[in-house]
Amino acid sequence: MRIPVGVIVERHKAKSAWLDFVCRPVAVLSGVPTAAPWTVIESSAELTTYYAGEAVIELHRTETASYQENLSSGAPVLWVVLRPAGTEVGFELLMVTADPAEGEALTGAGDDLVEAVPMPESIQQAVAAFNAEHHVARPFIKRKRERSAFEAPRRSAPGSED
């Protein structure tokens with residue numbers, strides 16, 4: 001299932017000697033506005049809010065357990081990924097995901113900016129409907145380790161009790 005969304009990003013002056021500005025995603029819109037990417041929504045001396053552009057949340061049947069975990073957390077979120085670019089704002093919109101495992105994995109490498117933003121109610125309903133249709137509960141099965149042919153049975157020391 002594919003859910004088209006729009007992303008809102010804030011850019012504000014940094015309180016740092018090493019950075020001039022800091023960008024961060026602040027919201028995801030259900031649906032896609034007709035505005036062009038990186039359209040200024042609001043601007044002041046300290047803060048500029050942009051419509052960053054369109055992204056698509058892709059839902060996969062094999063990830064329904066992760067989506068369910070996100071929805072049942074009490075505060076479902078979407079992870080927005082911005083990648084550094086040579087644009088005026090300094091970033092390009094890379095992707096949006098509802099999968100907590102994927103969101104966490106994207107924070108591990110590179111210079112990408114990954115932020116969690118609240119999931120809109122309409123997207124929560126779409127993800128819940130997708131889960132209701134595709135989720136298959138899989139029981140947890142703990143695997144037992146088999147002894148190798150080279151492992152000898154344990155011996156106890158003389159005088160010790162087992």
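## Four-stranded sheet

In this predicted model, four strands line up as β2-β1-β4-β3 in an open, antiparallel sheet. Strands are DSSP runs (E, at least two residues), numbered from the N terminus. Two strands pair if DSSP finds at least two bridges between them. The edges belong to β2 (21-30) and β3 (39-43). Each has a single partner strand, so one side of each lacks a neighbour in the sheet. On average, neighbouring strands here are turned by 30° against each other, direction ignored. Axes are lines fitted to C-alpha atoms, for helices over the stretch in contact; angles run from 0 to 180 degrees between N-to-C directions.

Strand β1 (residues 2-13) pairs with strand β4 (residues 47-58) in the antiparallel sense, over eleven bridges. Here I8 stands opposite Y51 in β4.

## Helix on the sheet

Helix α3 (residues 121-134) packs on this sheet. The helix (a DSSP run of H or I, at least four residues) touches β1, β2 and β4. Contact means heavy atoms within 4.5 Å. The direction of α3 makes about 145° with that of β1.

## Three-stranded sheet

Another open sheet has the order β6-β5-β7, with antiparallel pairing. Its edge strands, β6 (91-97) and β7 (113-118), each pair on one side only. Neighbouring strands of this sheet are turned by 30° on average, direction ignored.

Six bridges join strand β5 (residues 77-84) to β6 in the antiparallel sense. L82 has L93 in β6 as its bridge partner.

## Basis

Residues are numbered from 1 along each chain as its sequence is written. Local features need pLDDT of at least 70, side-chain atom pairs count only at pLDDT 80 or more, totals for chains, interfaces and linings use all residues, and side-chain values use heavy atoms, leaving out hydrogens and water.
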